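Welcome, and thanks for opening the viewer. Let's take a short walk through this structure, one selection after another.

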Amino acid sequence: MGTAVVVFTRDLRVHDNPVLDAAVHEADEVVPLFVRDDRIAALRYNRPNRAAFLSESLADLDRALKHRGGHLVNRAGDVAAEVARVARQVRATSVHISADYSRYAVAREHRLREALGDVELRTHHGHVLAPPGAIRTGSGEAFSVFSPYHRKWLEHPLRRVAAAPTRIKVPDIAAGDLPTRRMICAGPTSPDLVRGGETEARRRAKRWLESNVADYDDDHDAVARDNTSRLSPYLHFGCISPVELVARADRRKAGVDAFVRQLCWRDFYHQVLADNPAVAEQDWRTKHDHWNDDDESYQAWKDGRTGYPLVDAGMRQLRQEGWMHNRARLVTASFLTKHLYIDWRLGAAHFFDLLLDGDIANNSLNWQWVAGTGTDSRPNRMFNPTLQQERYDPDLQYVKKYVEEFGTDAYPEPIVDHKQAVAAFRAARGKGD
Ligand SMILES: Cc1cc2nc3c(=O)[nH]c(=O)nc-3n(C[C@H](O)[C@H](O)[C@H](O)COP(=O)(O)OP(=O)(O)OC[C@H]3O[C@@H](n4cnc5c(N)ncnc54)[C@H](O)[C@@H]3O)c2cc1C
């Protein structure tokens with residue numbers, strides 16, 4: 001049966017991992033390999049917060065593999081060259097990797113295939129529930145509207161959940177050094193980061209599905225209640241499988257359908273990105289914007305000093321925790337792109353710098369949705385940050401948690417007048433809702 005190489009990328013788990021599952025069923029021996037990729041570092045995809053989460057997740061994966069008689073094999077450099085080198089060294093019969101959909105990931109797969117020559121490269125869809133391409137419109141295109149996609153997605157058969165392997169036999173090969181946070185990306189991290197890894201992901205998922213999900217339908221927008229799953233970083237790094245989450249969710253429970261619907265948004269954006277990877281940086285549907293060039297306002301937004309309490313609380317939560325509540329993401333992003341009329345790419349870049357769940361599909365396409373250059377059918381809608389605060393944080397609990405000086409003289413005046421900002425945006429875009 002030979003030896004297979006499993007290339008871990010952002011699927012850092014042993015449970016329900018189709019890549020690992022296929023390899024252990026096909027081969028007697030398996031090399032669980034992680035390559036610290038030079039090119040990802042050069043593209044500046046790595047950031048200190050995600051580096052911390054990634055190194056913890058790799059350490060946790062190594063422990064899980066050791067528990068099963070194996071261990072992680074670590075290399076650094078050009079991913080295609082390193083994988084090919086390891087494959088030659090162990091005389092691998094096959095190499096397995098997760099399919100991924102960004103421009104970088106597609107190019108990586110292509111380079112890897114070339115570098116491997118005769119050794120078979122097999123890709124598996126472990127990141128999403130419905131792989132891009134599996135759900136198409138009547139005319140065979142990718143969906144650009146969420147609701148009809150969601151209807152079809154609900155009918156898409158769920159693949160079976162793969163059990164974690166009980167034993168993994170690794171051939172004789174040097175383990176190499178597990179990457180530390182600093183080896184991946186040096187620099188200061190946010191003070192209140194959650195811990196990475198599959199063990200923590202499974203603990204959170206269990207608690208979420210057993211109890212807190214019940215209130216999700218009612219609570220998911222109430223920023224102070226903080227009752228969303230907070231699984232996004234674990235989903236981004238593949239510490240938990242979305243298929244397993246849906247398979248384990250009890251559909252009779254209140255809140256579950258609403259939660260599963262959010263996982264569908266994730267698949268939706270991945271299929272939009274797979275269809276056209278350029279939308280990571282380019283408008284999906286241009287509005288011919290001539291964005292404001294206003295460093296001072298951009299900096300005030302990043303610092304959470306806009307004088308709009310919900311915007312400021314959200315931006316400070318991001319800095320403190322490397323995560324922000326979805327409602328706050330919507331309001332802060334709308335404020336930047338519509339009140340300040342600053343390019344969504346600048347907002348996405350700042351989010352990407354700090355978010356533990358920073359993800360090319362979800363970040364860029366949610367930003368575009370809010371900016372009105374993406375898939376929103378009401379591209380010119382603006383969130384009123386004051387009304388949003390009154391509705392979703394009526395007791396100002398969220399605001400006071402993150403903006404200590406709120407209510408004192410030290411808190412800034414609004415940097416822009418709401419009515420004037422609405423008028424200016426409408427003039428820039430032409431009228432619309
Ligand atoms: C401007 C902006 C930028 C964003 N950037 C990211 C990002 O980089 N990475 C990221 O994972 N999410 C991003 N989101 C989507 C969403 O805000 C987060 O997924 C969510 O807040 C994560 O918290 P949670 O795990 O508690 O979510 P829950 O409410 O518990 O939802 C469960 C899961 O569904 C997925 N999900 C939920 N909402 C969305 C959505 N709108 N789009 C895609 N997937 C979704 C996530 O994987 C999430 O973990 C962004 C949203 C906005 C408005």
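Which residue of strand 5 does Val-95 stand opposite? Select Val-95 and look across to strand 5, where you will find Leu-121. Keep in mind as you go that this is a predicted model.

**Stop 1: two neighbouring strands**

Now select residues 94-98, which are strand 4, and residues 120-124, which are strand 5. These two strands pair in the parallel sense, over five bridges. Another facing couple to pick out here is His-96 and, in strand 5, Arg-122.

**Stop 2**

Widen the view to the open sheet, which has five strands in the order 3-2-1-4-5, with parallel pairing. Going from one strand to the next, the twist averages 30°.

Next, select residues 79-89 to show helix 4. This helix lies across strand 1 (3-8), strand 2 (29-37), strand 3 and strand 4, and it runs at about 155° to strand 2.

**Stop 3: the domains**

Time to colour by domain. The domain assignment gives domain 1 as 3-126, domain 2 as 128-159 + 199-274, and domain 3 as 295-429. How far apart do the C-alpha centres of domain 1 and domain 2 lie? The separation of those centres is 25 Å. Where these two domains meet, 15 residues of domain 1 are in contact with 16 residues of domain 2. On the domain 1 side, the touching residues are five nonpolar, five polar and five charged.

**Stop 4: around the ligand**

Finally, centre the view on the ligand. Of the 28 residues around the ligand, which come nearest? Select Thr-228, Ser-229, Ser-232, Asn-363 and Asn-366 to see them. Domain 2 and domain 3 each give at least three residues to this shell.

Four helices to highlight here are helix 10 (232-236), helix 12 (256-275), helix 15 (326-339) and helix 17 (360-371), each supplying at least two shell residues. Helix 12 provides the largest share, six residues. Coloured by class, the shell shows 12 nonpolar, 11 polar and five charged residues.

Definitions and conventions:
Residues numbered from 1 in each chain as written. Predicted model: local features only at pLDDT ≥ 70, side-chain atom pairs only at ≥ 80, totals over all residues. Near = placed C-beta within 6 Å. Nonpolar A, V, L, I, M, F, W, Y, C, P; charged D, E, K, R; others polar. Domains from an automatic or database assignment. Pairing = 2+ DSSP bridges. Contact = placed C-beta atoms within 7 Å. Axes fitted to C-alpha atoms, helices over the stretch in contact; angles between N-to-C directions.
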